[in-house]
Amino acid sequence: MHQILSFLDKPGVVRLLMVDLSKAFDLLPHQLILNKLIDLQAPKELVRWIKSYLTSRTQSVRHNEDQSEWYVASSGVPQGSVLSPLLFALTTNDLRPIHKHSVIVKFADDICLLHFLRHSVEDKLQEEFENITNWATVNGLKCNATKTKTMDIQTKQNVALSRLVDHDSNIQIKAVSSVKLLGLTIDNQLSWNVHLHEVLGKIRKRTYMLHALKQVHAPPAILWNVYCSLIRSVSTYAFPAWCNINQSKFKQLMQFERRLCKMFSMPCKRDLSDFCCSMARRLAHSALDPQHPLHFIFDFKAARYSARQGNSHRRLQAKTVRFKRSIIKFA
């Protein structure tokens, strides 16, 4: 979100490409994983341990009383284990964009490419997509063109954008107005309307648990703990990324919480607004650590600072209101 907002601080277009890899965890060759570990100069003992973990795994299919023969798998990582996402992330470590105005965001098998442009001649998204598909082919994977999507976020409406085509299958990549990325629904207006609608729908369904506990006369303290675990955790999920939501829309979440507290006589130890501000402050404090992923966003060598404060905070310059309300500006 910082990459998108910082670029759209000036008129332009951000093109999102969400790549879907078919059966990514099942098709990854074992030898390829080991070769990638060797290229990363992993210790020999670790490579041998990973090899022992992956190889000589057998699998079979049972239906009622019938069972197939045992098959030794030569590809894929065991799903559900802690190592599987890590091994996949190490394998995709060498996947990089080919243009300087592109950024690839990777989380296990979720691959999202951000392509920035200000004029039509700068649109190189087709080349970036072909680069990813070629990388997938070399690494024993395959892009699913029917599930791959694009979304364009524009502040400059006179930029002509071309549709993507998968030349291998001759399928045109679907363009959407909103997309879910790691549980966060982003729309092409960055209004968060779709995400807020989904959040409100999800937390309304979860109030059933409070009704059930109320019927068995559960104490208010237990009701509040259940509320924080099952409902507030949903309403505040990834909130630092969408904290620039319109205040009138954020009040819908606060009003919903107040109604629940009044309905179930729950003691509200910290309201939603204070909780979100506290979460943002903790994140901003953590970003001071040079090892934190957000540390690179802050310009600690900037010349602009407040001489009135002992601990001066360098501030990023922002033109748009949306960027000024983001977590980075708050931090």
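Student: Is the crossing of helix 3 and helix 5 left-handed or right-handed?
Tutor: Helices here are DSSP runs of H or I with at least four residues, strands are runs of E with at least two, and both are numbered from the N terminus. A crossing is left-handed if the near helix is turned anticlockwise from the far one by less than a right angle, and right-handed if clockwise. For helix 3 and helix 5, the crossing is left-handed.

Student: What kind of model is this?
Tutor: Residues are numbered from 1 along each chain as its sequence is written, and side-chain values use heavy atoms, leaving out hydrogens and water. Local features need pLDDT of at least 70 and side-chain atom pairs count only at pLDDT 80 or more, while totals for chains, interfaces and linings use all residues, since the model is predicted.

Student: At what angle do the axes of helix 3 and helix 5 cross?
Tutor: Axes are lines fitted to C-alpha atoms, for helices over the stretch in contact, and angles run from 0 to 180 degrees between N-to-C directions. Angles under 35 degrees count as roughly parallel, over 145 as roughly antiparallel, 65 to 115 as roughly perpendicular and the rest as oblique. The axes of helix 3 (residues 30–39) and helix 5 (residues 83–91) come within 9 Å, and they cross at roughly 65 degrees. That makes helix 3, relative to helix 5, roughly perpendicular.

Student: Which residues of helix 5 make the contact with helix 3?
Tutor: Contact means heavy atoms within 4.5 Å. Helix 3 brings L32, I33, K36 and L37, and its partners in helix 5 are L87, L90 and T91.

Student: Is S84 buried or exposed?
Tutor: S84 lies in helix 5, and beyond its neighbours within four places in sequence it is in contact with F25, V77, P78 and Q79. Buried means under 20% relative accessible area, exposed over 50%, and partly exposed in between (1.4 Å probe, protein chains only). Because its relative accessibility is 2%, S84 counts as buried.

Student: In what order do the five strands of the open sheet lie?
Tutor: Two strands pair if DSSP finds at least two bridges between them. The edge strands, each pairing on one side only, are strand 6 (102–107) and strand 11 (174–175). The pairing is mixed, and the order is 6-7-1-8-11.

Student: Which residue of strand 8 stands opposite R15?
Tutor: Strand 1 (residues 13–19) pairs with strand 8 (residues 149–154) in the antiparallel sense over six bridges. Strand 1 also pairs antiparallel with strand 7, over seven bridges, and there R15 stands opposite H115. In strand 8, the residue opposite R15 is D152.

Student: How many of the eight residues of strand 7 are buried?
Tutor: Strand 7 runs antiparallel to strand 6, joined to it by six bridges, and H115 of strand 7 is the bridge partner of S102. Strand 7 is largely enclosed by the rest of the structure, because the number of its residues that are buried is seven.

Student: Which residue in the hairpin of strand 6 and strand 7 takes a positive phi?
Tutor: That hairpin has two residues between the strands. The phi is near 55 degrees, and the residue is A108.

Student: How far apart in space are V103 and E45?
Tutor: V103 has its place in strand 6 and, at 23% relative accessibility, counts as partly exposed. Beyond its neighbours within four places in sequence, V103 is in contact with Q3, P97, C112, L113, L114 and F116. V103 and E45 are 58 residues apart in sequence, and their C-alpha to C-alpha separation is 34 Å.
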